[in-house]
Amino acid sequence: MSSHELRHTFRHALRHVLILGGTTEARLLATELAAWSAALRVTTSLAGRVEQPALPDGGVRVGGFGGADGLAAWLRAERVSAVVDATHPFAAGISANAAQAAAGTGVPLLVLRRPGWQQVAGDRWHLVASVSQAAALLPELDSAESGSRVFLTTGRKDLAPFTGPDRLPALDRLRFLIRSVDPPEPPLPPGVDVVLDRGPFTLDGERALLRHHRIGVLVTKDSGGAATAPKLTAARELSLPVVVVQRPPAPAGVPVAADVAAALAWLARLARPQLT
Ligand code: NAP
């Protein structure tokens, strides 16, 4: 083997994969990689937002890195050979940091991001660019009034525009049902109920929940994926309006895989020189 080939092998050998996690896909990828080779170290990084997260196979670290520079330092110190950013499509901060750290260190980076949901016949979607815009739209939707509730499924960290002290006064007359994994931070204004639950959710369950709580409007981020999609079907069946917060753009210039199989294929291509 020539010295050039040796350098190539060294540069691309897959010893340690860092998965930026917090999603079902991140967990599935860690499971698949754990079965690849005992010589491959796999670390999943979690932000630490969920109190009892579902833990993936392989190594786990919890908490922020300290910005892009902190992440770059971690990649160097832990001799990471590839990063898969499998964070939630709305976790734009860590994705930007990953792109910057990868560019600075030369460590290959892939974004694993499930496709967004597609509107189909019968849907009554209102597309907005942010949760604040979603909150501003609600008073204009007749279905949000007349005793029914607005069903908020945007996650407990995004509740401020709907329930925070600075919310629009027009929202005071609406009633809300919040669904989140961990309890939202108090205080919550009157007229707000909470149901604690974690996906995947079933269509029967979502139908029952929308009816039981007399939901008039659903608010969701365009998270994509099957685990939380049944609420959209249930809303369509009941002809409910759905306010859909669109995704922030993925970091420019970074390859994107739509599913775990495509991410594994990308990693296999990086590992190939090591196997020959
Ligand atoms: P974010 O705004 O993009 O990130 C804020 C900061 O949190 C980052 O700068 C980083 O801190 C830390 N961080 C985020 N993800 C991390 C990870 N996987 N490992 C280590 N540090 C991480 O993130 P977010 O929207 O709050 O989401 C946090 C986590 O929850 C993500 O892992 C995401 O996959 C998951 N999640 C988010 C949503 C959502 O709707 N946003 C929904 C479901 C799950 P440092 O700068 O200190 O490194």
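A: Burial first: under 20% relative accessible area is buried, over 50% is exposed, and partly exposed is in between (1.4 Å probe, protein chains only). R124 is therefore partly exposed, with a relative accessibility of 39%. This is a predicted model, where local features need pLDDT of at least 70, side-chain atom pairs need 80 or more, and totals for chains, interfaces and linings use all residues. Numbering runs from 1 along each chain as its sequence is written, and side-chain values use heavy atoms, with hydrogens and water left out.

Skipping anything up to four places away in sequence, R124 touches S143 plus S239, L240, P241 and V242 (heavy atoms within 4.5 Å). With S239, the R124 side chain gets to 2.4 Å from the backbone oxygen. R236 sits 112 residues away along the chain, yet its C-alpha is 7.2 Å from that of R124.

Now the ligand. It has 21 residues around it, with G21, S45, F65, H88 and K221 coming nearest (a heavy atom within 4 Å counts). Ligand oxygen atoms lie 2.8 Å from a backbone N or O of G21, 2.6 Å from a polar backbone atom of F65 and 2.8 Å from one of G93. On its own the ligand exposes 800 Å², and the protein buries 73% of that (Shrake-Rupley, 1.4 Å probe). Helix α4 (92–105; DSSP H or I, at least four residues) gives the largest share of the shell, four residues, while β2 (41–46) supplies at least two.

Definitions and conventions: A polar contact is a pair of N or O atoms within 3.5 Å; within protein, one must be able to donate a hydrogen and the other to accept it, and residues adjacent in sequence count only if both atoms are side-chain atoms.
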